[in-house]
Every structure is written in C-alpha cells, then in structure tokens.
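I opened this entry to keep track of what I looked up.

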Amino acid sequence: MEQKLKKIVIAGVGLIGGSFALAIRSAGIKAELVGIGRDPAVMQQALALGIIDRVAVEAEDAYGGADLILIAAPVAQTGGILRQILPFLGRDTVVTDVGSTKADAVAAARQVLGDRIAQFVPAHPIAGRELNGPSAAISDLYVGKKLVITALPENQDASVRLVESLWKMCGAQIHFLSPEVHDAVFASVSHLPHLLAYALVHEVSQRENADTLFQYAASGFRDFTRIAGSSPEMWRDIAMANRDALLHELDAYIVKIASMRSDLESGDAESLYKTFSAAQYARQRWVDAIEAAEKDVCAAVLTKKNIF
C-alpha cells in the first residue's frame with residue numbers, strides 16, 4: 001500500500017459494499033470505515049454487524065476527508081451520489097465504484113465531476129450471491145474472483161494502483177477492460193442470464209397451476225433460476241443501463257431458441273443432439289479452466305501467508 005489510508009467511505013453497505021469492508025478489514029487495513037446509505041435501518045444493521053465503524057447521515061460528514069470512496073449502490077444512483085460527493089471531494093480522494101455496467105457510470109462521472117474526472121476509477125467485482133443486504137456480506141466473497149478495472153485516460157497511475165491494491169487485498173484477480181468492451185462482454189455472460197432467470201420464474205408464477213409446478217420443481221430449476229433471487233432494483237438498473245448491448249444479446253438468443261424450436265417441431269433429434277453436445281463441451285472447457293485457476297490460487301495461498 002503506497003499510502004496510509006485513514007478514512008474509507010462506503011456508499012451503500014449491502015452485499016457488495018459490506019463484503020468489501022469485511023475483506024479489507026480482514027486484510028489488515030486500519031482505516032476508519034464509514035457507511036452512508038438511503039435506509040437508516042440498513043445502515044444500523046451494518047453497524048451492528050461490525051461491518052463499518054460508524055454511520056454518517058450528512059454528506060459532508062461522510063465524504064469530507066476521505067481517502068477512498070466506494071460507490072456500492074445500484075448503478076442508476078451513481079450520478080446522484082457523485083453530486084453529493086463533489087462539494088466535499090478532497091483533492092487527493094479516489095472515488096471508485098462496483099457497478100455491473102461501466103459506460104453509463106463513466107458518462108455520469110464525466111458529467112458530474114467535470115475536470116475532476118481523473119479521481120474516478122471505475123471497477124466491477126465479478127462476484128455475488130443471491131442474498132442481499134448487510135447480513136449477506138462475507139469477508140471471502142472476492143477470493144479468487146475477477147475484478148475488472150475500466151481505467152480512464154485521465155486517471156493517475158497512483159489512483160489506479162490504490163484501487164487495484166485494495167481489491168488484491170480482498171483476494172481478487174485484477175483484469176483491465178475498456179468500459180465499452182466490459183459492457184458488451186457482460187451483456188452476454190451476466191446480464192442476459194439474469195434476464196432469462198427472472199423471465200422463467202415470472203412466467204411459471206403467472207400460470208394457473210403455478211403452485212403445482214413449483215411443488216415439483218427440483219435442483220435443475222433451482223440452479224437455473226438461482227440468480228432470480230438477486231436484487232430486482234439492481235438488475236432493473238443494470239438492464240436499462242446496458243440496454244443496447246442486452247438487446248443485441250437477447251436477439252441472438254431468440255434466434256437460437258427459434259432454431260431449437262424448429263428442431264423440436266420437425267423432430268430433428270440429431271440437430272438437437274449436436275447443439276446439446278457442443279454446449280456441453282464448451283461448458284466443460286470453461287469449468288475446467290475455472291477449476292485450474294482456483295487450484296493456482298489455493299497453491300499460492302499455501303506457499304505464502306500473504307500473496308499480495
């Protein structure tokens with residue numbers, strides 16, 4: 001750590017922000033952890049759970065004198081939170097976020113921060129649970145998980161290194177993408193799956209025999225729809241923020257579903273088998289790569305007490 005941190009502010013102490021707080025505290029960061037958020041009850045819960053050291057009610061109390069500010073709220077709130085921060089933004093304060101969409105966050109930051117945009121370092125931890133709120137926060141949520149930094153041309157190297165080092169302390173593996181590439185990638189492998197999971201659960205729940213269907217739904221349905229237990233507000237905001245890329249992915253998915261429907265209708269078992277086999281092979285390669293990476297992380301942890 002190149003600088004001694006005295007005060008870290010977390011705007012939104014739910015699963016993501018709370019897990020960040022627990023992780024950096026476990027890693028030995030001694031800075032005061034200050035939380036601020038919309039719901040006083042949620043903030044008091046975070047305080048009671050020991051996730052933060054204190055709750056700030058006023059923006060000046062929260063953001064004044066901060067070394068780092070983490071915005072961990074639904075992406076649609078980014079601009080509003082930045083407007084609250086700006087009057088109290090210290091010259092050397094670094095602001096970062098955890099939003100699942102980056103182009104919109106960068107656009108909001110440029111509009112609000114203006115010539116102070118260099119202080120905003122966008123980031124996105126690729127981790128989560130289907131549970132929400134401070135009680136869902138865990139200190140090891142980010143261990144072995146990817147953290148994407150979509151650094152801006154204006155960012156100072158020291159600011160990027162600060163964000164990178166804190167996430168490394170959380171156990172994350174750091175990657176760099178542009179905001180545009182980030183949003184295109186995650187529209188495919190994250191945002192579309194959430195849309196599909198919500199759609200399936202909602203469609204089944206609206207049927208007259210929904211109770212019977214849910215009664216017999218087992219592990220396959222549970223596994224496929226697990227992510228539909230995530231925050232509706234957060235995923236509504238993500239879907240709207242990344243609408244164009246998500247529409248492109250949805251159109252491609254509809255084409256594939258239409259093709260499979262045609263195979264079913266025509267009784268083309270061979271075509272279905274080829275699709276299933278190719279998908280199984282692709283998924284297994286992906287799983288094997290993940291497991292290999294996880295073994296590497298475990299080996300590093302065993303050989304060094306602190307790999308960061």
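**Entry: around helix 7**

I started at Leu-177. Leu-177 sits in the loop that joins strand 9 (173-176) to helix 7. The model is a predicted one.

I noted the spacing rule: an α-helix has 3.6 residues a turn, so residues three or four places apart point the same way.

Then I checked the length of helix 7. It runs over residues 179-205, 27 residues in total. At 1.5 Å a residue it should span 39 Å, and I found its end C-alpha atoms 36 Å apart, which agrees.

Where does helix 7 kink? The kink is centred on Ala-187 and comes to about 55°. Ala-187 is also one of the buried residues of helix 7. Others on that list include Pro-179, His-182, Asp-183, Phe-186, Ser-190 and His-191. Further along I noted Leu-192, His-194, Leu-196, Ala-197 and Val-204 as buried.

**Entry: the whole chain**

I zoomed out. I counted 12 helices and 9 strands in the protein. Its radius of gyration is 21 Å, close to the 19 Å from the globule rule for 308 residues, so the protein is as compact as a globular protein of that length. The C-alpha trace spans about 65 × 45 × 40 Å along its principal axes. Last, burial: 41% of the 308 residues are buried.

Technical notes: Residues numbered from 1 in each chain as written. Predicted model: local features only at pLDDT ≥ 70, side-chain atom pairs only at ≥ 80, totals over all residues. Heavy atoms only, no water. Helix = DSSP H or I, 4+ residues; strand = E, 2+ residues; numbered from the N terminus. Expected span 1.5 Å × (residues − 1). Bend = angle between axes of the 7 residues up to and from the residue. Buried < 20%, exposed > 50% of the residue type's maximum accessible area, 1.4 Å probe, protein only. Rg over C-alpha atoms; globule rule 2.2 N^0.38 Å.
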